[in-house]
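Keep the viewer open as you read.

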Amino acid sequence: MVLSKLFSLSNLEVLDLRFNNLSGGFPANIQLPSINFFDISGNGFNGNHPILSESPNLTTYNASFNLLYGGINTSMCNTSPRIQSMDLSMNMLSGEFPSGFGNCSSLQHLCVGSNKVSGELPDDLFTLTSLKQLFIQDNNITGILGDRTGPLPPSLSMLPSIRFLSLRNNSLNGPISLNFTSMGGLNSLDLGSNQFTGPIPDGISNCVGLKTLNLARNGLHGEIPESFKRLQSLSYLSLSNNSLTSISSALAVLQQCKNLSSLVSP
């Protein structure tokens, strides 16, 4: 296999194989001690996703758009402390969502969307203070967002850098209890197609830079908070397929969102 020869290049810093017609599997552990950029996306690779076991300089890891299966392995967070971007989306990965990403202290972008990952989200995922983008949409994630000791997981107050958060099309339930006060820089929030219940949180209005908000296809009830008039950057809002009431008052609030250009109404 030609790829196996590449993995013996101890001075290799950049490996970019994206969008070729490559296939096959990978060795159990790949040792590329100098690698900082690893991208095999857009191919037909199968088997477990490759593990770079001794790559302390790694900053970018992209194995998306392949045919990879098996569980997600977070061991690279221990051996690659500088990793900033990890993308495993659009594969066939399964099993429970693992703990361990909390050890990727420099992580800014994490995408595992469009797989078959199940289970609950571990608390350590929400301790990543540098995380800007988190995409876990189109999986089988269950439970509520955080621990079971109260309505507001304390760990969620540790996402001050988050800009894009997508958990669409999972099986998350309970109230939407994110600590929006500590997520003031949020630009996009997609919680559509889950099983969330309760009212729309008034705290969303603390995210004054929010541009897109999708809460459609849940079990939300009540009225749209009057505080939504503070969302002057909001351009897209979807609230369809819930049990919201008082459409007239909702329109009175939303007409004050001057940049709103797309509204999918209740």
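Before anything else, a word on burial: buried means under 20% relative accessible area, exposed means over 50%, and partly exposed is what lies in between, with a 1.4 Å probe and protein chains only. This is a predicted model, in which local features need pLDDT of at least 70 and side-chain atom pairs count only at pLDDT 80 or more, while totals for chains, interfaces and linings use all residues. Residues are numbered from 1 along each chain as its sequence is written, and side-chain values use heavy atoms, with hydrogens and water left out.

Helices (H or I, at least four residues) and strands (E, at least two) are DSSP runs, numbered from the N terminus. Two strands count as paired if DSSP finds at least two bridges between them. With that in hand, eleven strands make up an open sheet with parallel pairing, in the order β1-β3-β5-β7-β9-β11-β13-β15-β17-β19-β21. At its edges sit β1 (14-16) and β21 (262-264), each pairing on one side only. On average, neighbouring strands of this sheet are turned by 10 degrees against each other, direction ignored; here the axes are lines fitted to C-alpha atoms (for helices, over the stretch in contact), and angles run from 0 to 180 degrees between N-to-C directions. As background, strands of a sheet pair through backbone hydrogen bonds, either parallel or antiparallel.

For a zoom-in, take strand β7 (residues 85-87), which runs parallel to β9 and is joined to it by three bridges. Met-86 has Leu-110 in β9 as its bridge partner.

Now for some even-numbered strands. Strand β12 (residues 140-143) runs parallel to β14, with two bridges joining them, and Thr-142 stands opposite Ser-171 in β14. β14 also pairs with strand β16 (residues 195-198), again in the parallel sense and over two bridges; there, Gly-174 has Phe-196 in β16 as its bridge partner.

What about the interior? A nonpolar core is a set of buried Ala, Val, Leu, Ile, Met, Phe, Trp, Tyr and Cys residues joined through side-chain atoms within 4.5 Å. In the largest such core, which has 72 residues, Tyr-61 and Leu-125 touch the most other members. Helices α2 and α3 (247-254) each supply at least two residues of this core, and α3 gives the most, with three residues. Counting contact as heavy atoms within 4.5 Å, Leu-125 touches Phe-97, Phe-101, Leu-110, Leu-134 and Ile-136, leaving aside residues up to four places away in sequence. In soluble globular proteins, nonpolar side chains tend to be buried together.

On to the cysteines. A disulfide is a pair of cysteine sulfur atoms within 2.5 Å, and by this rule the count is one disulfide. Cys-77 and Cys-104 form it, with sulfur atoms 1.9 Å apart, and at -90 degrees about the S-S bond the link is left-handed. Cys-77 lies in helix α2 (residues 76-79) and Cys-104 in the loop between β8 (92-96) and β9 (109-111), so the pair ties together parts 27 residues apart in sequence. Cys-77 is buried at 3% relative accessible area, and Cys-104 is buried at 0%. Cys-257 is in no disulfide either. Both are buried: Cys-207 has 0% relative accessibility, and Cys-257 has a relative accessible area of 3%.

Most residues other than glycine have a negative phi. Ser-193, however, has a phi near 55 degrees and lies in the loop between β15 (188-190) and β16. Asn-241 has a positive phi of about 60 degrees, and is partly exposed at 45% relative accessible area.
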